[in-house]
Amino acid sequence: MNTDTIVIVGAGQAGGWAAQTLRSEGFKGRIVLIGDEAHRPYERPPLSKAVLAGDAHADSTHLLKQDAFDRLDIDWRPKVAATRIDRPATQVHLSQGEPVRYDKLILCNGGRARRLEVPGADLPGVFTLRSIEDAMALGAALSANKRLLIVGGGWIGLEVAATARKKGLDVTVVEAMDRLCKRTVPPVISGYLHRLHSAHGVEVLLGTGVRALARAPGGGLSATLDDGRAIACDAVLVGIGLVANDALAREAGLACEGGVVVDSQCRSSDPDILAAGDVAAWHCEWAGRRMRLESWQNAQEQGIAAARAALGMAVNHQPLPWFWSDQYDVNLQIFGMPAPSHRVVVRGDPDSHVFVVFFLDQDKVVAALGPNCAKDLRFARRLIERRTSIDPERLADSRTPLAKL
Ligand SMILES: Cc1cc2nc3c(=O)[nH]c(=O)nc-3n(C[C@H](O)[C@H](O)[C@H](O)COP(=O)(O)OP(=O)(O)OC[C@H]3O[C@@H](n4cnc5c(N)ncnc54)[C@H](O)[C@@H]3O)c2cc1C
């Protein structure tokens, strides 16, 4: 094929997988990997868990050891940002150095932590968590202080709450919605998470946001909530979601809708430009709608799919979505895309730490999730993938082994 140069923008998880897949699929041409961070590609999940807790070194997050990365023979440009895509000239302009020409361009530039738009949000002691540097800075603050306020009761906020409790801090979580993780899980799981954190001593305040942050007269910070309450703390973590880095694509005239719109072959509205990972929005058949999937699994699999598609191979990126979260000694996993329209069937006792929640569309299981039930979820995954018709009563009855269904 006449593809000589493949440029990847974003040296994160998806970009790293795209680069190594190009080589493992036999591509001998030039690969330029442009990343505005100083690090070679790494995985972010440990940043709110083992790395933040101080139990793992940041280097352990790298996708590849240095020598394996070197063997890929990639023209890696650390600390360099792509600033503009010139589609007529098929070039990417950079924050440093000459523009680079591409035959195929793969956008893997992810997203950034959403900022809190209130007075005082940029004070020292207010953190977000996306990169290794963020984790180092937040980790140092957790070691030096006693009181942490977390704005946002989503996955990152709750994982940091668990890590901070482990380190002995007093933790308050403020969530604007009326339950935790409302965007992604049903009330039974929100209730479980609430009880889990309360039992570990986290104060969870629902239905109120933070109106302002300020320095407290005696040291530390003070947060004023929408309902007028004041919370004293030493550090604040803002975990209120992610904004896709789609400006580069949008300014180049590519179709974007809260992310770079791609098809299941990872192709954007320009067939020479592909996208993968947190930045990409595509029609997910499991969800029945266009969406971005902010998950470890998607970053890896879509990075691989985009590389193969760039080489002209047939791909159809439609993985069954899978996400996990670790909080305290609880491992919670989600398969599929739960939706409010689904019938919810609970198997096991939701007041315990081991139960499964199934989501049915008509008589078919379309999603499942639960804490500490990895084995059951493996069966659930098969039920989902095979689109098995199932009797909800038998599903709810934990005396009937799932294997028998
Ligand atoms: C703290 C944390 C914990 C997580 N925990 C879990 C978990 O438990 N389970 C799970 O499934 N998922 C988890 N995730 C989500 C998962 O890590 C992400 O979905 C995944 O990292 C997305 O990979 P990506 O390559 O698309 O983006 P990223 O890994 O963010 O990589 C994008 C890269 O592009 C760079 N970049 C941006 N703009 C430019 C530019 N113009 N030029 C050059 N480079 C640029 C960025 O700096 C970054 O290095 C977690 C995420 C975070 C932050």
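**Second largest pocket and selected local features**

The second largest pocket is lined by K49, A50, A53, D55, E159, A162, T163, K166, D326, Q327 and Y328. The structure is a predicted model, in which local features need pLDDT of at least 70 and side-chain atom pairs count only at pLDDT 80 or more, whereas totals for chains, interfaces and linings use all residues. Residues are numbered from 1 along each chain as its sequence is written, and side-chain values use heavy atoms, with hydrogens and water left out. A pocket is an open set of points, on a 1 Å grid over the protein atoms alone, where a 1.4 Å probe fits, with protein on both sides within 12 Å along at least five of seven lines; lining residues have an atom within 4 Å of a point.

Two or more lining residues come from each of α2 (50–53), α5 (155–166) and β22 (322–327); helices (H or I, at least four residues) and strands (E, at least two) are DSSP runs numbered from the N terminus. The greatest contribution, four residues, is that of α5. The volume of this pocket is about 160 Å³, taken as the space filled by probe spheres set on grid points joined across faces, edges and corners. Five charged, four nonpolar and two polar residues make up the lining (Asp, Glu, Lys and Arg count as charged; Ala, Val, Leu, Ile, Met, Phe, Trp, Tyr, Cys and Pro as nonpolar; the others, Gly among them, as polar). Because domain 1 (5–112 + 242–310) and domain 2 (126–238) both give residues to the lining, the pocket lies between them; the domain bounds come from an automatic or database assignment.

Residues 322–405 carry the UniProt annotation "domain: Reductase C-terminal" in an unreviewed entry; such positions follow the numbering used here, feature names are shortened, and annotations may be inferred rather than shown by experiment. This span is 20% helix and 38% strand, and its end C-alpha atoms lie 22 Å apart.

C181 is placed in the loop between β11 (170–175) and α6 (187–199) and is buried, with a relative accessible area of 5% (buried, under 20%; exposed, over 50%; partly exposed, in between; 1.4 Å probe, protein chains only). N372, in the loop between β26 (364–371) and α9 (374–385), is partly exposed at 30% relative accessibility.

E133, in helix α4 (residues 132–144), is likewise partly exposed, at 43%. Beyond its neighbours within four places in sequence, E133 is in contact with E37 and H39 (heavy atoms within 4.5 Å). The C-alpha atoms of E133 and L47 are separated by 9.6 Å, the two residues being 86 residues apart along the chain.
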